[in-house]
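I opened the notebook to look up a few spots in this model. My entries follow in the order I checked them.

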Amino acid sequence: MSDTSTLPDGWELVVGLEVHCELATATKLFCGCPNQFGSEPNTNVCPVCLGLPGSLPVLNRTAVEYAMRLGRALHCSVEPSTFARKNYFYPDMPKDYQVTQFDQPTNVEGHLDLPTGQRVGIERAHIEEDTGKSTHVGGGGRIHEAGHSLVDYNRAGVPLVEIVGKPDLRSGEDAKAYVAELRAVLLAVEVSDAKMEEGSMRVDANVSVRRRGTEEFGTRCEIKNLNSLRSLGRAIDYEARRQVDLIEAGERVVQQTRHWDEDDGRTHTLRSKEEAYDYRYFPEPDLVPLVPDAELLASVEASVPVLPAERRVAVAEAAGVTPADAALVVERGLDGLVLAAIGAGADPLRVLTHADHNLAVEGAEALDPAALAELVTMEADGALTATQAKTVLAEMVAGGGSPAEIASAKGFEALSADDLGGVVDGIIAANPEQWERFVAGDDKTRGKLTGFFVGQVMKATQGNADGKAVTALLEQRRAG
């Protein structure tokens, strides 16, 4: 089978994601055991999360509020809901069923907007409890190869929200962008640490293919427990190509749950795909329906902050760029600084350029917006070159201070046009062979030699020259 990241002409990939997010509550969903990652195995357990006879669940109000806040951030409708028991053999679930929401979830029908402008539908975001964790010892780490298995029940009962997206994604890159944006929302609303490396955010990908122009979905396979964006993209691309190759060879795709092996870069059969009726859902008898009142709904609504998509739009409108161009500063939490500096009169694009390229350091968000605006204005007025401005900015982030004072202390003084012209003429005179090639050469040759001459001028002026001004002078001299 071919293993490439693209599909042959005429084929289309269809992906829908189910994302499990652990909620950052202090205690578990139905008991007072700590919700804590990294504890010694089987130390955060009690009769309730172990499902021992006679124990009864008590619903965690904070978990419910967090789930509703996330639902509103995903533009879902928050509805009255019920809990159900999902019956299935869970080797790492001591009570052998999972309490979840089935036909009446808390959050329904929302959407998530990606930085590219693509809108992805959200079918539901329901509350459920996490399972424990198995570690299979020996073989390749799979249960059928193991000599024995260890089970840690600390995670059993940790509150989750499962976000079920609609099949609106068409590539592995789309899927990665969706998960990255969803993670940004989770962090913005402060309901989860969304650490994929610790399992608090896990992704199942439903993948199918179809011929372009057809509306009917193909048979899908679910790839379970993808825990990094890299794995997500690679697994989807591989699985899509596997399905196309099967169909083109005259075979059929079998609906399955599959496992992604990072080492060999392939998906492997885990089990036949289950349908809802296989889980034998029935209402959880120990929990009453969850019916939020108006006061709770208003409180949840008020707790939703300005979201990343809205923040991107604000920066884009202020700077005159696209929301996608504003994605990096929002991701770094620098949009407040950027907006304030622009508001103080600084050139918007120069502010955005510094935020994108020169402020990828911890603590940059604490920079004084007025000082940043002053620096950008000095650069725009020619008082500082781009290189000097970058140096001054680094000093401002490290220790604060006025850009004018820092520039003066470093001896950064703008060269006059006459002074710069004299330096350029001197460099040309000192390098006649290179100048002859610059004048007579094609664009490629001239481009390389422009770098040479600009470098020589920078060396002669100790970095005090503006590279763009030097380039302009070189072209002026060449034209005669």
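Is S231 buried or exposed? I noted first that this is a predicted model. I then looked up the accessibility: S231 has 8% relative accessibility. The cut-off for buried is under 20%, so S231 counts as buried.

**Entry: around S231**

I placed S231 in helix α4. I then listed its contacts, leaving aside neighbours within four places in sequence. They are L226, W260 and E262. With E262 I also found a polar contact between the two side chains, at 2.5 Å.

**Entry: the strands on either side**

Next I followed the strands. Strand β10 covers residues 201-211 and strand β11 covers residues 221-226. They run antiparallel, and four bridges join them.

Which way does β11 run against β12? I found the two strands parallel, joined by three bridges. Strand β12 spans residues 256-261. I checked K224 as well, and its bridge partner in β12 is H259. Between β11 and β12 the chain passes through helix α4, residues 229-248. I wrote down the hand of this β-α-β crossover: left-handed.

**Entry: nonpolar cores**

I turned to the interior. Nonpolar side chains tend to be buried together in soluble globular proteins. The largest nonpolar core here has 65 residues. I asked which members touch the most other members. The list is L17, L70, I163, Y178, L182, M201 and L232.

I took M201 for a closer look. Not counting residues up to four places away in sequence, M201 touches V19, H20, C21, V179, L182, R183, L186, A194, K195 and M196. I also logged a second, separate core of 33 residues. Its members include I342, A364, L367 and A373.

**Entry: cysteines**

How many disulfides does the structure hold? I counted zero. A disulfide is a covalent bond between the sulfur atoms of two cysteines. I looked at C21, one of the residues M201 touches. C21 is in no disulfide. The nearest cysteine sulfur belongs to C76 and lies 12 Å away. The cut-off for a disulfide is 2.5 Å between the sulfurs.

I checked burial too. C21 counts as buried because its relative accessibility is 0%. I got 0% for C221 as well, so C221 counts as buried.

How values were computed. Residues numbered from 1 in each chain as written. Predicted model: local features only at pLDDT ≥ 70, side-chain atom pairs only at ≥ 80, totals over all residues. Heavy atoms only, no water. Pairing = 2+ DSSP bridges. Right-handed = clockwise from strand over helix to strand, strands pointing away. Core = buried A, V, L, I, M, F, W, Y, C linked by side-chain atoms within 4.5 Å. Buried < 20%, exposed > 50% of the residue type's maximum accessible area, 1.4 Å probe, protein only. Contact = heavy atoms within 4.5 Å. Polar contact = N/O pair within 3.5 Å; in protein donor to acceptor, adjacent residues only side chain to side chain.
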